[in-house]
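Trainee: Hi! Could you walk me through this one?
Mentor: Happy to. Let's get it on the screen and go piece by piece.

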Amino acid sequence: MSMSKTFGSTLIIAGTTIGAGMLALPLASAGLGFTAATLTMVGIWALMIYTALLMLEVHQHADKNATLHTLAHQLLGRKGQVIASFAMMFLFYALCAAYIAGGGSQLNDKLTNWMGLDLAPQVGTVGFTVIIATVVSIGTHSVDMVNRVLFTLKVIALAVMFVLLMPHVQAVNLVEMPIQKGLIISALPVIFTSFGFHGSIPSIVRYVGLDIKALRKIMVVGSATPLIVYILWQVASQGVLGQPDLMASTTLGSFIATLSNILHNPLVSQSVSVFADLALATSFLGVSLGLFDFISDILNRDNQVKGRMQTALVTFIPPLCFALFYPQGFIMALGYAAIALVILAIFLPVAMVRAQRKQINTLPVGKETHTTTTDKEIKTTTYQVRGGTPALITVTSIGILIISAQLLQMIGVIPSVG
């Protein structure tokens, strides 16, 4: 197993997770105060890494090319497969449409401002989609290489943001307490979706192979990187702006403008803008790679040029059409993102692991654990995530809580944040 693939895969997980939505986290958690927001993030990260490891436990007994479509069918039958496929495609098509709309508009702005071109908005949207679709269609290795460059630039933009903001952090702002206890429930869906990377796991398994030790390292380090970045961003933003200013910033634009005004430095908004563009691109790469491999599995396409071209069309044309002709459709769909992600990242891994452990426990004594893989890297010992049934029940309960919070926000019972 090459170190290069491990490193690249770790960056794909981190790049998929750290999206432009990170910028809105201080607004979503403004009413919590820094301590409560940080503890909530650490808790959500622990939940997501646990369910990612559950996915690895499931993957070890399948072919290394298996996606959620195949895994769900093997372990949960036809009904489970339908639920898994619907949740995956609903969430990923909505996300891709959002990335295409956002990235297309940013590309259009750059072509207009830098090159003085007067282009129709659709040109940037189609151009951005074609660029990303080409990178993804070539394969995971090309996604890895492009992502490394974008991620490096993203880290530089982040470093500039932190260098500008950190000297102005005031400790008094970081010890403010939650305004209302109920706001933690309100912030859960936003914070939860900021740690979503599970749709990319099958693509990473296919790329790396069934080396469970390497995959565990990729999942832990790849998801811990966003956690550290998010906490630093909370220190920088919540430390500079007090709760009243944060609560008054209803939009991301007004929040960044307030930061720039306080520091009297236009570099703040410029570095934030560069970071947002790069974060959108790396997230789109990771999400569309996961969707591409998933659709390739559903359509049973081969890895040749013709097969990959057909998969690319089914992956990118629907979200492009949504972004161009029915933008309110995907915006509405994103309102349900947390619910689809709970199904994808909590309920399905738990259900599949329960089914698989039952299968293993009912094997005759002395028989080797059943596996359908032909991959030579699989170990004879079975990897099992610790915690047993109590841990599975706990994460399922948290998933139900997050869905309840999302639904209560939709009907206006609790305040909506972020």
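**A buried helix and its surroundings**

Mentor: This is a predicted model. Let's start with α8, where Leu183, Ser186, Ala187, Leu188, Pro189, Val190, Ile191 and Phe192 are buried.

Trainee: How many residues of helix α8 is that out of, and what follows from it?

Mentor: The helix covers residues 183-193, and eight of its eleven residues are buried, so α8 is largely enclosed by the rest of the structure.

Trainee: What do the buried residues of α8 pack against?

Mentor: They pack against α2 (25-28), α3, α16 (337-361) and α17 (388-410).

Trainee: Okay, on to the core. Which residues in the largest nonpolar core touch the most other members?

Mentor: That core has 130 residues, and the ones touching the most other members are Met22, Ile44, Phe192, Phe195, Met219, Trp233 and Phe275. Helix α13, residues 266-299, gives the most to this core, with 16 residues.

Trainee: Is phenylalanine 316 buried or exposed?

Mentor: Phenylalanine 316 is buried, with a relative accessible area of 3%. Phenylalanine 284 counts as buried too, because its relative accessibility is 0%.

Trainee: What about phenylalanine 322 and tyrosine 326, how is that pair arranged?

Mentor: Those two form a tilted pair, 6.0 Å centre to centre and 40° between the planes. Phenylalanine 322 is partly exposed at 38% relative accessible area, and tyrosine 326 is partly exposed at 39%.

Trainee: Which residues form the aromatic cluster?

Mentor: Tyr99, Phe128, Phe284 and Phe316 form one aromatic cluster.

Trainee: Last one. Where does histidine 61 lie?

Mentor: Histidine 61 lies in the loop between α3 (34-59) and α4 (68-115). Histidine 61 is buried, with a relative accessible area of 11%.

Trainee: Which side chain does histidine 61 make a polar contact with?

Mentor: With the side chain of glutamine 60, through a polar contact of 3.3 Å.

Note on methods
Residues are numbered from 1 along each chain as its sequence is written. This is a predicted model: local features need pLDDT of at least 70, side-chain atom pairs count only at pLDDT 80 or more; totals for chains, interfaces and linings use all residues. Side-chain values use heavy atoms; hydrogens and water are left out. Helices (H or I, at least four residues) and strands (E, at least two) are DSSP runs, numbered from the N terminus. Buried means under 20% relative accessible area, exposed over 50%, partly exposed in between (1.4 Å probe, protein chains only). A polar contact is a pair of N or O atoms within 3.5 Å; within protein, one must be able to donate a hydrogen and the other to accept it, and residues adjacent in sequence count only if both atoms are side-chain atoms. Contact means heavy atoms within 4.5 Å. A nonpolar core is a set of buried Ala, Val, Leu, Ile, Met, Phe, Trp, Tyr and Cys residues joined through side-chain atoms within 4.5 Å. Rings of Phe, Tyr and Trp (its six-membered ring) pair if their centres lie within 6.5 Å; planes under 30 degrees apart count as stacked, over 60 as edge-to-face and the rest as tilted.
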